[in-house]
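Have a look at the structure first.

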Amino acid sequence: MERSDGSLSRRGLRGREAELEQLRAVLTSVVRTGSGALVLLRGEPGIGKTALLGEVVTTAGAAGFSVGLGKADELHHIVPLSSLAACLLYGDRPLLSSDAFADLTRHHDQRIWLVERVAEAIEARAAEMPVLIALDDAQWADQLSRFALKQLPTRLRTSPVLWVLTGRQDPAGPAQEIVAVAEGGLPSVTVPLGPLSGTAIGQLADDTLGVAVDDRVRQLLDGAGGNPFLAVEMLTGLGTTGPSGEPVPEGLVVGVRGRLRSLEPSTLRFLQMGAVLGRRFGFLDAAALYGRPSAGLLAELEEAVRAGLLDDDGEQLVFRHDLLRQAVYVDIPPSARKALHREAAGHLVAAGHRPIDAVSHILRGAQAGDDEAVTLLRQAADDVLSVTPGLAADLMTRALELVPPGRPLWYDVGVQAIVCLTRAGRNREALETGDRLLAARPPLETFGRIQAALGGTLWNLDVAEELRRRAETALALGGAAPEVEARLTALRALALSRGEDLGAALEAGENALRAAIATGDREAHVLALFGLGESALNAGANAVALERFTALSAVEAAFLPEEIVAHQHMDDFETGRLLLRAADDGGSVPQTMLLWAQASQHLGLGDLDDAESDLVTMERLEIDVHICVQQVNARVIRSWIALLRGDREAARHQLTAARERRATKPNPGNTAAVRFLEALIADDEGNTALALDRIRQVQQEGPFMRWRLLRTWVDSAIRMALSGADRALAEDLAAQAEAHGARNPAVPTATGIAAQAAGLVRNDLTLLERAVALLEESPRPLVRAAAQADLGRALLTADRGAEANAALTRAHDLFVESGAHAAAARVQRDLDRAGAGSCRATTPRPVQGWEALTASEKKIARLVAAGHTNRSAADLLVVSPHTVNTHLTSAFRKLSVNSRVQLAHVVMALPED
C-alpha cells in the first residue's frame, strides 16, 4: 500500500512472509520448467490481496518477466473483454497494441477465434521471456474475460506463463470457476489470506502512526478483525480526530467518515459523484454529474487526493481502494443513488461513450417506462451479441421488463430478446418469451414477426413439426410484411426437410428461394438455401446439395463447413482440402463446425487418429460456448473408431456418452445414429439378435440412407441382417443403397457401395468384383478395404484361393494404414484360414513414449520443439490451432513432459531418422 503523500512502507506485506515465499516458489518454478501455472489469492476485502499481487508483479518484473497487470471493476464488468484488456495493453511493451486490440474486438464475432488470437500473442511473447498475467478483483471480471480466462491458462500450459488472480471468498465465484477449469490441466494454487496476527497488526500501527501505540489504540484495532486495510483506515481516521480526542467508532464506514469530516462539503459531494461512476472515473464525467464545470472543481480534486482518498494516474481518478469507494457510496441515500446512476448513463452517452459503457448505470437506475434506457440497452445488446450473446440476452431481458406490456415497443423489444436468447443457446427462454408475446394477441404483422423470430429457436429445439405448424399458421393468417412472409416461407421449407415427403420439401424450398430473391431479404435467402441444401442431402441428391450449399456459403460464410462436407459427399476431398486451407481466418466461420468438416475430411480419408483428435477438440469447444450441435455424432464416430482399433472398453465408454448426449437432443438423426452404434457394438460382441433389433429400429426412424452419417456404413448393416437370417431387411437395405447410387452416378463411393450391397445380398461374385472396381476411384480407404474384404471372403468360399489372398491382402493393408487394427486382424484370420500366412504386423501403438505418438502428434512435436507456435504449426499442417493444441496435449501426456522446453529436450535426444 502506498500513501498519497508519497511515503512508502511495507505495511501491506506485514505478516505475509509465508505467502510471499509460496508465490516466489511458483515464479521460480515457471522459469525453471518453462511451463505455466495459475495462482488465486483469495480473501475478504481489504485483507491484502492487492498489496501481495503488487509484490508479485514487482518481483516478476525484476526477474525478467513480461508483465500484464489489470484490475476488474464493479461498474465496468459489463463491457466485453474490459477486464483482460488492461493486462494485454499494460506497460511499455504491451502484449497487444491498442490498434490490434481494437481490431480484435471490433471486427470479429467468434469468441473461440478471439481467445485463440489472444493466446497466440501471449505464446509469442512467452517464446522470448516468461510472462505474468495478473488480474486484480477477478470476481468482477466481465463475461468475455471470464470466458477467456477459463480457456487461456490450459491452452498456454506448455509455455512459461503465470496467471495470478485475486478474488473474494466466494466458493462459487468467477475466480474459483477459473481455477476449477484449470485444475488438472496445469499446476493451480489457491493462497487463502486470513486475518493478520496481533503482532502484524501492531507493526502496521507503528508503520502508520510512526510512534508506539497505546492501549486505547490497540483496543480500537481489535475491531479490525485482523484486516490490514480496515486497521489502516481506522488509524488514519484516528489521525484526523478533532481536538476533543473522541475515539473513532469501530468499522470502516465510520472510519472513513472520521476522515471525511474535515473535508469541504463540496469535496464530499464530488467524491459521491465519483463513487456513483465507479472506482475509476473521469474527472469530466464526475464534473458533468455534479453539474459544475471542471475548472470549478480543481480545489475539490486536490483536497480529495491530499486526503488520501483518490489517486490521479494522469488519465483517470481512482479511489485508493474499493472499500473506500463503497464507504463513500453507502452514505448516499438509496433513492438518490438510483437517480444519480440514471443521470450518469445519460451523461456518459452524451459525452460520446458507447452504450455498453453506460449499461451498468442503466441497470441500477432505470425504471419501468424509461424508453431512453430501453434504447440504450438495445444498442448495447446489438454491440455485444457477436462476442457475448449471453450478456446480450440478459440486457434484452431487462429491456423487456422496462416496457409496459402491449405497447408496440414491447413487441419490438421482445423480438430482439428472442433473437439474443436463441443466439445464447437459451432456447427454452426464447420460446417462453415468444409465447408470452403471442398470448397478448399482437397485430397480424407483429404476429408474423414473432413467429419468424422463433424459427431459429424451434429449429435448435429439434421440433421441426412445430416449426412447420407455426410457419403455416402465420402464413395463413396473412398481414405480414413481404420480407417476414419470405422468412416464414423459408422456415416452412426448412421444417419440411425433416419430414417424410422430401419432394414436397424441395418444391417448398424452391418457392421460398424465389420469394427471398423477390423481396431482397438476406435472412430469407439464407434460410431458403439452407432448407434446400438440407432437403437435398436428406434425399440423397448430393450434387444438388453441393450446388445449394456452395451458393449458401457465398451468401453467408458461416456455412462454409456445410459446403466442405457437401464436397466430401461427392467424393471431392481435394476441394474440401483447399476450402479448409482457405477458410476465412477472420472469425466469420464457426470454429466448431469447421472442425466437424475437418474431422469428416480425415475420417473419409482413413486418418482415424486425426479424425478423433478433431472430434475431441470440436466437442470441447462446443461445450465451452454452450452450443452443442454434433456431440452425439462425434461420440458415435469415436466409438466406431475404437471398434476398428479393437478397443471395446473405449467403444462402450463412447456409447454411454452418446446416449447421454442424445437424451438432451433426442431428434430422429441422433436416435438413428445411437441405435446403429448399439448394433455395431452388439455385433462386435456376437449378440446378433440385439444387433438386428437395433438395425430395425434405425429403419423405423426413417429409411437407413436418410441419415447422412450412416450411408457409408450400410454394408455393415447388411452383413448383420444376413448373419441374423433376416433376408428381407438385408434386401431393403440393399435397395436403399441401390437407389442412392442411382441418384449419384458420378460418386464412386455411392455406386460402389450400391454394387457391394447387392453383391452381399445376392452372394454375387461379379457384383462384388464390380464394387471393388468402382471403388478404386473412391478416395475412402476404409470403404475400399471393406469391399476388398467382402470380395476376398466370397472368393475363398468359391475356392479361388489365389484371388482371395490378393483381395484380402489389399484389405488388410488398407486397414493397417488407417490404424484399424481390429479390422485388419479379422482379415488376417481369413488369410490364415486360406493358408496365406501372415501379412505385416498390426501391433497397436504403446501407450507411453515417443512411439505412442500418432503421426500427426510426432509432426507437431517436432515443429514445436523447433520453436514453432501453435499457429505456425497449424498453418504448416493445414489444420486448426485448436487441433494442434489437442495433439500437443496428447503428446505431452504420452511423453510425461510439461513444457515446450522439456519437449525440445526429448526430441533432440531422439536418434536420427
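Is the crossing of α38 and α39 left-handed or right-handed? In this predicted model, α38 and α39 cross in a left-handed manner. Their axes come within 8 Å, at an angle of roughly 165°. Because angles over 145 degrees count as roughly antiparallel, α38 is roughly antiparallel to α39.

| Helix | Residues | Residues in the contact |
|---|---|---|
| α38 | 748-762 | P748, T749, T751, G752, I753, A755, Q756, A758, G759, L760 and R762 |
| α39 | 765-775 | L767, L768, R770, A771, L774 and L775 |

By residue class, the contact of α38 with α39 holds 10 nonpolar, 5 polar and 2 charged residues.

Now for a single side chain. H887 sits in helix α45, which spans residues 881-895. H887 has a relative accessibility of 5%, and since the cut-off for buried is under 20%, H887 counts as buried. The side chain of H887 makes a polar contact of 3.5 Å with the side chain of S613. Beyond its neighbours within four places in sequence, H887 touches D610, S613, T854, S856, E857 and I860.

Finally, the overall picture. The protein chain has 46 helices and 8 strands, and 57% of its 913 residues are buried. Its C-alpha atoms fill a box of roughly 115 × 75 × 45 Å along the principal axes. Of the contacts in the protein chain with a separation of 6 or more, 67% link residues 24 or more positions apart.

Notes
Residues numbered from 1 in each chain as written. Predicted model: local features only at pLDDT ≥ 70, side-chain atom pairs only at ≥ 80, totals over all residues. Heavy atoms only, no water. Helix = DSSP H or I, 4+ residues; strand = E, 2+ residues; numbered from the N terminus. Buried < 20%, exposed > 50% of the residue type's maximum accessible area, 1.4 Å probe, protein only. Polar contact = N/O pair within 3.5 Å; in protein donor to acceptor, adjacent residues only side chain to side chain. Contact = heavy atoms within 4.5 Å. Axes fitted to C-alpha atoms, helices over the stretch in contact; angles between N-to-C directions. Parallel < 35°, antiparallel > 145°, perpendicular 65-115°, else oblique. Left-handed = near helix turned anticlockwise from the far one by under 90°. Nonpolar A, V, L, I, M, F, W, Y, C, P; charged D, E, K, R; others polar.
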